[in-house]
Amino acid sequence: HFFQRAIMGGTRVRCASVQYYRVRSQRYPLARHEIRHFGIQGSNTTIRRQSRRTGMKIAVDARSLATIPMTGVGYYTFSFLEALAQVKGRYSVDILLFTSGSSVSRPLLDIASKLPFQHRHIRVPNKLLNLWFASGVWPGIEAFLPRYDALWMPNLNFVSRQQDTPLYVTVHDLSFLHNERFYSVKNRLWHRLLNIRRLLASATLLFAVSHHTAADIKRFFPDL
């Protein structure tokens, strides 16, 4: 798996003000899925070095970087990519970041320029692109990107792809399932159109940022 062999590879990743480590941790089996916990550990944590994998191209959903002001997910994504950039030379892995929107904002260009990765901006309004992905019409994201071997989504978002392409999804929380009434009508509609169950079911592997989130996935989607 690319996270094991390329991204985490024995490195410490800073996400906002919290240090996350790839460690040997309890696993949460979900039939075809496996949720791994990125735990907050002490400085003496033993980090497992992973073997290399060559010639791999990973597409990364970087749309969260375009949100102004940047949200927690945006900081998580940027910090993760910054840490990945520090070990870029150790692995023969190409990273392709993609964003979307009718135009490219200056803040987004500034952020992308700080990362040593290829960036592809999809010049399609986000609402239109989300409807395209939600409809399941083929081709999906492949229509906008060069060939890639795996897709990582740092957060829940709209996407459609060829089913034989590995998809890895990071889940931060499922608060919108706990307390839907606290969300606006617009946000509730967004989550329903997103179809969380279908997205998680289509993923090759799921990552939870905490044991609590992992337990929530098991609770709300026990049949996955």
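Predicted model: local features only at pLDDT ≥ 70, side-chain atom pairs only at ≥ 80, totals over all residues.
Let me begin with confidence. The protein averages a pLDDT of 76, and 76% of the residues score at least 70. Among its elements, strand β7, residues 118–122, has the highest mean pLDDT, at 95, whereas strand β1, residues 12–15, has the lowest, at 31. Over residues 1–53 the pLDDT stays under 50, although the model does have 134 contacts beyond four places in sequence for that stretch.

Now to the inside of the protein. In soluble globular proteins, nonpolar side chains tend to be buried together. The largest nonpolar core here has 30 residues, and the members that touch the most others are I141, L151, L156 and L200. Two or more residues of this core come from each of β6 (93–100), α4, β8, β9 (167–171) and α7 (196–202). There is also a second, separate core, which has 26 residues and includes L65, F78, F80 and I95.

What does L156 touch, once we set aside residues up to four places away in sequence? The list takes in V169, T170 and V171, then L174, F176, W190 and L194, and finally I196, L199 and L200.

Next, please find L145, which lies in the loop between α4, residues 126–135, and β8, residues 150–153. Is L145 buried or exposed? Its relative accessibility is 8%, and because the cut-off for buried is under 20%, L145 counts as buried. Beyond its neighbours within four places in sequence, L145 is in contact with A59, L96, F98 and R120. The C-alpha atoms of L145 and I122 are 8.5 Å apart, while along the chain these two residues are separated by 23 residues.

Helix α4 brings us to N130, which has its place there. With a relative accessible area of 15%, N130 is also under the 20% limit, and so it is buried. Apart from neighbours within four places in sequence, N130 is in contact with R63, N157, F158 and W190.

Notes. Residues numbered from 1 in each chain as written. Heavy atoms only, no water. Helix = DSSP H or I, 4+ residues; strand = E, 2+ residues; numbered from the N terminus. Buried < 20%, exposed > 50% of the residue type's maximum accessible area, 1.4 Å probe, protein only. Contact = heavy atoms within 4.5 Å. Core = buried A, V, L, I, M, F, W, Y, C linked by side-chain atoms within 4.5 Å. pLDDT = per-residue confidence, 0-100.
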